Amino acid sequence: MAQGQHHIIPIRMLAIVFGLLLFLTLATVITAQIDLGLVNVPLALAIAGSKAILVALVFMALKYDNKVNLLVLVLGVVFAVVFLALTLADTELRGTIGITEPGTTELTVEPAESE
Amino acid sequence: MSEGSHNYLSARKGLWSWLATTDHKRIGILYAMACGTFFLLGGILATFVRTELGTPGETILDQDGYNQIFTLHGVVMVFLVIIPAIPGILGNFVLPIQIGAKDVAFPRLNLASWYLFIAGALMAVFGWLFVGNVDTGWTFYTPYSSGASNAVLWLTSAVFVAGFASIFTGLNFIVTVHKMRAPGMTWNRLPLFVWAIYATGIVQVLATPVIGITMVLLFLEKLMQIGIFDPALGGDPVLFQHFFWFYSHPAVYIMILPAMGIISDLMGTFSRQQVSGYTFIALSSVAIAFLGFLVWGHHMFVAGQSALSSIIFSMLTFLIGIPTGIKVFNWVATMYKGSVWLRTPMIYALMFLFLFSIGGLTGIMVGVLAVDVHLHDTYFVVAHFHYVMMGGALIGLIGGLHYWWPKITGRMYNETAGVIAAILVFIGFNVTFFPQFFLGSRGMPRRYHDYTELLPNFPEFAPLNLVSTIGSYILAVGLLMILVYALYSLFKGPKAPANPWGACTLEWTHTGRLPDEHNFHETPLVTRGPYDFRLADDVFGPKEED
Amino acid sequence: MSSTGTTLKHYFVNHEQQFDAAKLGMWLFLVTEILLFSGMFVAYAVYRSWHPEVFAQASELLDWRLGALNTVVLLASSFTVALSIHFVQKGENDKVVVLLLMTLLCAAIFMVVKYFEYSGKFAHGVFPGAGFEPQGIIDGKDYSKYDIPFAPQFFSIYFVMTGIHGVHVLVGMGVFVWLVTRVARGHFSPQWYTPVELTGLYWHLVDIIWIFLFPLLYLI
Amino acid sequence: MNEQGSIWLPEPASTVAGDVDSLFYFILVTSVIIFVGVMGAMVTFAWRYRRRSENDRPQPVRESKLVEASWIAIPSILVAVVFVWGFRVFLELGIAPPNSYEINVTARKWSWSFSYPNGAVSTDLHVPVNRPVKLRMISDDVIHSFFVPAFRVKADVLQGRYSYVWFEATRADTFNIVCAEYCGTAHSDMYANVVVQSQDDFEGWLVENMDDGSLTPARRGERSYELEGCWPCHSLDGTTLAGPTFLGLAGRTRNFTDGTSAVADDNYLRMSIVNPAQQVVEGFLPVMPQQYALDLSTEEIDALVEFIKEQQ
């Protein structure tokens with residue numbers, strides 16, 4: 001009954017996605033060998049992200065599925081990013097505000113005494 | 001639908017029918033027994049802690065003994081009582097019936113999560129009894145925990161396993177609410193208890209895995225010195241605190257949201273009034289669930305995190321105050337022009353409002369950057385979270401248990417005894433915890449075995465601690481009294497009518513004195529909201545007690 | 001009620017509801033997996049941003065060719081799983097068996113490669129945590145030169161991440177073995193193939209995690 | 001030195017304390033007003049609309065959007081005010097004046113030691129009055145937290161990384177320093193004093209405590225006993241704390257947890273300092289840190305042994 005009516009993804013579509021995934025793997029390996037400076041990391045992550053999206057949408061059939069499932073996945077990713085971002089907000093920014101300048105060892109400077 | 005042989009208790013007999021049950025109602029009762037036992041244990045530990053602190057110097061425990069006892073008190077109360085209790089007991093029993101379902105979406109998973117929970121608890125007990133002492137505090141801060149006894153390995157594994165019990169419970173409820181609602185049970189006809197448990201489920205599913213991986217990393221840190229959290233190996237102890245609080249702050253909402261749901265139902269039912277601001281309360285539960293993930297750093301203002309992130313976290317913290325405030329104001333407004341029936345559950349609901357307001361307002365206090373620097377890790381914080389965790393979550397649970405007791409057991413409890421116990425709990429609670437605000441803001445740090453050395457400068461610590469200890473005994477008497485009359489009611493209590501409170505959610509209107517094994521004879525068709533007392537009156541007016 | 005399908009549980013109204021519920025449940029479970037791994041990604045990001053040069057240097061010890069091979073193997077296994085769902089929806093169960101066996105084979109190759117990677121590391125003193133003491137010369141790399149501060153952190157994270165990922169692969173293999181026997185006994189039909197669908201979702205997620213692990217650990 | 005103040009807060013004794021207190025009392029008063037308002041409404045409604053009979057029916061209520069909006073808006077404004085105020089005072093607490101006098105702090109289980117620019121070291125913190133003082137703090141072992149209630153300052157002290165706190169004391173008096181982060185067995189005994197002195201007294205104290213190498217070995221040992229934090233666990237008067245007392249220790253026969261025994265001679269005393277876990281005396285736990293072999297020079301250990309032998 002009901003399950004028989006589910007969208008069947010054509011083999012052609014699956015094969016194209018598989019091909020794309022292999023291509024992107026090759027791309028990430030090649031770009032990693034070239035020193036692009038600051039671009040390397042974002043590029044690798046962008047490629048990995050596109051691969052993940054391909055897998056999620058087609059192999060995992062989210063493209064054709066109930067949108068609630070997509071929402072669930074997006075929420076999971078969003079909160080993983082929140083975890084990452086707010087933790088890095090600490091670890092990357094330590095010492096930007098606060099008591100980091102060296103103090104003095106001199107006792108002769110006594111501005112407060114004169115008040 | 002009167003007394004028959006088909007209710008959920010009489011349908012099957014024998015120990016196995018309980019241990020292998022997939023009936024959500026029976027699993028709720030299994031949780032009740034487990035959590036009840038752990039609550040008793042945690043409560044006994046708490047009286048040890050308070051007795052030790054009652055007088056200066058060593059009273060009944062030496063330093064190490066005291067450290068172990070408060071650690072166990074924390075671990076038991078947080079992981080084995082407050083987190084699982086309301087979803088496990090009342091969520092399981094009530095939620096499927098309230099939405100008109102015959103069971104949760106995954107009944108076997110539901111049973112499995114109870115066994116996981118028990119397995120986690122047994123691991124903790126095993127580690128404690130046979131492996132070694134744990135004195136790390138329930139927060140397991142590194143490097144103290146990575147250098148502590150091997151029992152920590154057992155405790156972290158226990159938290160990991162019990163965490164999965166919590167995940168599966170939350171997952172089950174989310175799917176149940178999405179997919180199992182009866183015809184006509186639209187989202188805006190869901191009882192607010194269901195909304196709250198649903199929001200709790202979101203937090204359980206999204207936050208709990210992180211305590212899982214934290215415990216794995218801590219386990220490996222202790223076992224193989226992987227150097228992620230231990231500064232002696234190049235790790236960062238503050239990173240551990242991020243990991244820990246990413247779960248443990250949302251966990252606060254796992255504890256309090258279900259209690260808020262109970263209070264919403266109680267306020268509606270016992271005021272016979274549409275709950276004021278239904279949509280606001282429902283959505284504020286979800287808002288709290290999400291915002292709860294953004295504020296964990298307010299536990300770390302003085303821990304050595306960057307000043308900038310402290311500022312961000314403090315700002316986000318205040319956002320949570322808004323939906324919480326909305327709830328409180330709406331609950332009070334629900335009584336306006338209602339017909340307020342002051343039975344025991346309603347007394348607990350009002351008590352919740354009193355205690356939770358204090359907990360919430362002092363929460364604002366400790367969320368303010370500069371003030372928290374002074375108050376952090378003092379008894380002020382201890383008092384604050386007991387007002388929220390116990391005055392909020394546990395008082396909500398006790399109120400809910402009184403409310404649904406007739407439906408769960410089919411019997412009434414003694415109303416007079418209920419009121420007297422409630423008054424004792426109220427007095428005992430405030431006498432115990434209010435002095436701790438003074439203790440903390442005057443400078444007494446938490447987790448202190450002794451304060452003798454501080455007495456020359458702070459002579460008031462002695463009387464304040466003594467009062468607090470006396471209060472804890474009053475509180476214990478009140479709680480034990482509840483246990484006594486509940487047991488009495490279980491065996492000797494008068495039989496309850498199907499709907500003693502005149503409530504109009506499905507568990508009261510569409511089931512008998514005790515629900516059937518599969519909840520309903522036929523799937524209910526829902527045509528009105530959960531608090532439409534005027535519509536409900538014609539059909540389901542309060543029945544006479546028989 | 002289908003003769004090949006499992007019966008409808010009494011608490012569901014129809015198969016559609018039962019299937020949707022199972023699938024939503026699986027998605028929620030996958031989200032918990034994402035959050036579980038997120039902890040390790042956070043640890044990775046923090047230590048990488050603190051010690052980028054150490055991470056770059058330490059990752060030289062990982063062989064990107066083996067990593068790339070494993071990536072291709074896992075992608076292929078995802079492909080075969082996706083195909084198996086295609087065929088189970090069409091009721092061609094003999095093809096499903098073949099495809100699932102191919103998936104198992106890919107998973108086994110993945111684990112064998114991992115085994116060689118791990119044992120190669122252990123043989124030269126590259127252990128997670130306190131045992132970290134790299135030594136010996138392989139492929140012209142003097143391992144003892146990698147005994148630098150915070151290199152242990154890189155390898156701890158490497159072993160924990162790939163280790164937990166590997167556990168997931170092993171669990172997946174166990175489920176596939178169970179699935180193959182059930183498919184072979186004709187338990188599934190276009191009317192009811194929920195376990196195949198759910199296992200497929202799980203497997204794809206394991207693949208996605210690796211898609212991120214590969215560049216982060218081996219390449220950059 | 002009784003720290004009077006109000007029932008809520010001890011008497012402020014630093015420049016920032018007053019600002020923190022004003023904010024504290026502002027929130028307190030606002031909270032009390034809100035609390036009384038909400039509870040007043042609750043009690044009034046519960047009484048005024050109490051159920052009078054079985055057939056009591058509530059009156060219909062129309063929900064007011066205005067009311068709903070106002071109790072979103074008013075709390076929002078209040079928390080915004082409180083946040084900004086808290087933020088400003090937090091910056092004040094967080095940024096030390098550039099001319100601050102710098103003192104190094106080491107925390108360990110379960111004692112503090114303070115070292116001054118001229119080489120003086122002490123177990124109680126001595127600071128000049130009306131002079132910003134900045135502490136650079138580090139821990140030898142687990143996390144501790146430096147907390148002076150009278151100054152309203154607190155900061156965790158970590159291993160492997162400095163953390164800082166600054167304050168300017170406004171009264172010459174003695175105040176408590178407590179450890180606010182749980183750190184194990186004797187956490188509640190990890191206290192010290194901060195002695196606020198006039199500029200002249202402070203300078204005099206500094207000179208007096210400078211280490212000029214003129215001490216006898218036993219006196220140097222006594223110094224180490226205080227500064228390295230032996231005293232929280234090893235008494236000199238026969239009291240049993242977390243570790244054995246030093247009174248009458250030398251020359252006595254010791255029974256160990258592994259069943260063996262030995263006489264406490266010089267070598268035993270030395271070994272107990274550098275490798276305390278090797279032989280643990282019956283009735284005690286192996287809780288003593290292992291760090292002393294690294295922290296103490298050979299001369300310092302010799303001096304400590306001399307000092308212990310003196311306690312008869």
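This is a predicted model: local features need pLDDT of at least 70, side-chain atom pairs count only at pLDDT 80 or more; totals for chains, interfaces and linings use all residues.
The contact between the two chains draws 72 residues from chain B and 73 residues from chain D. On the side of chain B that touches chain D, the elements giving two or more residues are helix H3 (63-98), helix H7 (237-271), helix H9 (307-334), helix H10 (344-367), helix H11 (369-375) and H13 of chain B. H9(B) supplies the largest share of that side, with 12 residues. Sorted by class, the side of chain B that touches chain D comprises 42 nonpolar, 21 polar and nine charged residues.

Helix H13 of chain B spans residues 415-441 and includes B:Phe426. B:Phe426 has 21 other C-beta atoms within 10 Å; a residue counts as buried at 20 or more, so B:Phe426 is buried. In sequence, B:Phe426 and B:Tyr348 are separated by 78 residues, whereas the C-alpha to C-alpha distance between them is 8.9 Å.

In chain D, strand S1 covers residues 101-108, and six of its eight residues are buried, so S1(D) is largely enclosed by the rest of the structure. Strands of a sheet pair through backbone hydrogen bonds, in either a parallel or an antiparallel sense. S1(D) pairs with strand S5 (residues 132-139) of chain D in the parallel sense, over seven bridges. Within S5(D), D:Arg136 is the residue opposite D:Asn104. S1(D) also pairs with strand S2 (residues 111-115) of chain D, here in the antiparallel sense and over five bridges. Two residues lie between S1(D) and S2(D), and the two strands form a hairpin. D:Ser111 in S2(D) stands opposite D:Arg108.

An open sheet of five strands is also found in chain D, with the order S4-S10-S9-S6-S7 and mixed pairing. Its edge strands are S4 (125-128) and S7 (153-157) of chain D, each of which pairs on one side only. D:Val178 has D:Tyr191 as its bridge partner in S10(D). Helix H3 of chain D, residues 199-208, lies across S4 and S10 of chain D and runs at about 140 degrees to S4(D).

Notes:
Residues are numbered from 1 along each chain as its sequence is written. Chains are lettered from A and ligands numbered from 1 in the order in which they are written. Helices (H or I, at least four residues) and strands (E, at least two) are DSSP runs, numbered from the N terminus. A residue is buried if 20 or more other C-beta atoms lie within 10 Å of its own, exposed if 12 or fewer, and partly exposed in between; C-beta atoms are placed from the backbone. Two strands pair if DSSP finds at least two bridges between them. Two residues are in contact if their C-beta atoms, placed from the backbone, lie within 7 Å. Ala, Val, Leu, Ile, Met, Phe, Trp, Tyr, Cys and Pro count as nonpolar, Asp, Glu, Lys and Arg as charged, and the others, Gly among them, as polar. Axes are lines fitted to C-alpha atoms, for helices over the stretch in contact, and angles run from 0 to 180 degrees between N-to-C directions.
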